[in-house]
Amino acid sequence: MLPTPAAVAQDLPLVLAGPVLRRVQARRIAWWMACTRPVVLRVRLQHPDGRTATHEPTVHTLRVGERLVIALIELALDEDLARDARTGYRFEFAEGGGDGEGGWTPHHDPALAYPGHDGPGFVFAPRVRALLHGSCRKPHHAGGGDGLARADAHLEKLLTAPGPEAPPWPSALVLSGDQVYCDDVAGPMLRAIHGLMQRLGLREERIAGADGSGVHDTADLLAHPATYYHREQLLPRTPRSERLIDLVFEGVKKPVFTTDNAHNHLITLGEVIAMYLLVWSPLPWQGLDLSPPPGLDPACAERYARESEAIAAFREGLPAVRRVLAHLPVAMVFDDHDITDDWNLSREWEDVAYGHAFSRRVIGNALIAYLLQQAWGNRPEAFAREGLLEQVQAALDEPGGAAHDALIERLLRWRDWHYVWPTSPPLMVLDSRTHRWRSEVSPRRPSGLMDWEALTDLQQALRDHPAVLLVASAPIFGVKLIETIQRVFSFFGHPLMVDAENWMSHPGAASAMLNIFRHPRTPQTFVVLSGDVHYSFVYDVELRPRGRRLLQTPGPHIWQVCSSGLRNTFPDGLLARLDHLNRWLFSPRSPLNRFTRRRHMTVTPRKPEGTPPGRRLLNGCGVGLLELDEHGAPQRISQLLADGRTVVFVPREDEARED
């Protein structure tokens, strides 16, 4: 166990992160919380009609460290919650951690309350009239603010200054990927992670596969001179692992799009767990030493200082982030950076990354942390079966042991990361990372984002719904120029250089998805919520029927809505050039459309209001706001930017393009 100063341990609050409201249904509520000791608690609900009721929930806890417990709280009710009205809640903890006979202490945290209220609350809104959504939240992104903090400001405005034309209360906050960046970590963040691991007494982990580096456990890793900014040096040096450096620790420059730097890639389970706490709550930061670690060379020291400014700005927004997460049901799903860059991009990537003990552990640790801090609350019942949580606890008790490796093996085969929330329209969240349709042409070709079995299951789930909210981390209908560039690089065997992951990159997956849209018993109204790309855009898509005209029926109407990123942006000059070039090369009259058809559809872009002429892609940190009519179709699509502006996406019918 890592040593922890007693004085520091005594200063730890009971609730370290959370409560995060996860799922709200008519008779069931779920919260996630990180505490510094095991807890016995009850929930007091303040109903809209003034009634107050105290309930005893089911509390599932997993002991992560000497002073860290992760809890999922499930409350089953005997009567339906009031619809479209605010219900307040407050936790009460048994004194002394007992059964409550010694009394109960209310958890009163003014930082969680909006003006005019004495605590957090939620609105049960199963008929979706509005929701917030976003992706890609990198703590050390310089400038631009935090989209989750803007979401908090939006809720405060709805509560304190409602107007006749104010949008309704959001039914959910949908986070469609890259909630954390395990593969792109700032030096000050890594310093905070290590300090928090020590403070919470997280268990040491035995590390296999780092042969020749002298790193055999957590203590070796923290003491190693390469642990800051040079972690790729810890990989074993064999011909196979040289390829591993490129695939898992992406330190290479990627032409056209972005430059990823993963020299601080998280390795141990404790590191990933600590990072989650630090990105969701201001409380774990208190008392941490963020001074530069000893031994940095001048270049790394300069970088550390620069990143410290970005991390300081990130920390300023955390109280608002914690408050908004306590008030909206939060639906989450992973994308690659939640695990590692280009995760499962191709069959070659999988063969190399999973074929080595070290990289398998790195990926597995991120997946375990995702289960604990994201997936568990999405669909708690999926993880309560077949002794999975008991297996998780066994792994947490002995990181690096046999139970840890067995859990990773099980999670790498897990096929229940996707889920459906029974809203109206239903919220269907896709797993487009672990159900890959691997290329049969070449192991280097990009895999399809979902395989035939998963797509068949999706078609069955969609049957007979008039409308649906479909969450796909990567846009199903993306920017054609960028997809074309990705296709060219993939053809020459270099998909990793351009993050060649799009739904049209694999013919089988693309055809299957488009056939699902066209199926007569699937919805006629699809709203696809996506992220991933670090810019925001909206396309209205109509699939044209095929075959004899007498047999034709109207095709479905699809809105592709992409909101990215919450705290990340695309290089602005490059995005402007790509945006203009895409509009010019693939204009409605361009002959290039004949060579890049996406199978019989009409695509109408929406222009972000207030942007320069010719722009269809919006660059800026923020969160998406979607407002729906009574039929589940969007009536207003906007981006709430972190700088306070609201940008509405307006259709441009004259730019509709036949694909």
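Student: Is C562 buried or exposed?

Tutor: Burial is judged by relative accessible area: buried is under 20%, exposed over 50%, partly exposed in between, with a 1.4 Å probe and protein chains only. C562 has 2%, so C562 is buried. C136, at 1% relative accessibility, counts as buried too. This is a predicted model, where local features need pLDDT of at least 70, side-chain atom pairs count only at pLDDT 80 or more, and totals for chains, interfaces and linings use all residues. Residues are numbered from 1 along each chain as its sequence is written, and side-chain values use heavy atoms, leaving out hydrogens and water.

Student: How many disulfides does a search of the whole structure find?

Tutor: A disulfide is a covalent bond between the sulfur atoms of two cysteines. The test here is a pair of cysteine sulfur atoms within 2.5 Å. The search finds 0. C136 is in no disulfide; its nearest cysteine sulfur, in C562, is 7.9 Å away. That is too far for a bond.

Student: What is the strand order in the open sheet?

Tutor: Strands of a sheet pair through backbone hydrogen bonds, either parallel or antiparallel. Strands are DSSP runs of E, at least two residues, numbered from the N terminus. Two strands pair if DSSP finds at least two bridges between them. This open sheet has 4 strands in the order β1-β2-β6-β5, with antiparallel pairing. β1 (15-25) and β5 (58-65) stand at the edges, each with a single partner strand, so one side of each has no neighbour in the sheet.

Student: How many bridges join β1 to β2?

Tutor: There are 7, and β2 covers residues 28-35. V15 has C35 in β2 as its bridge partner.
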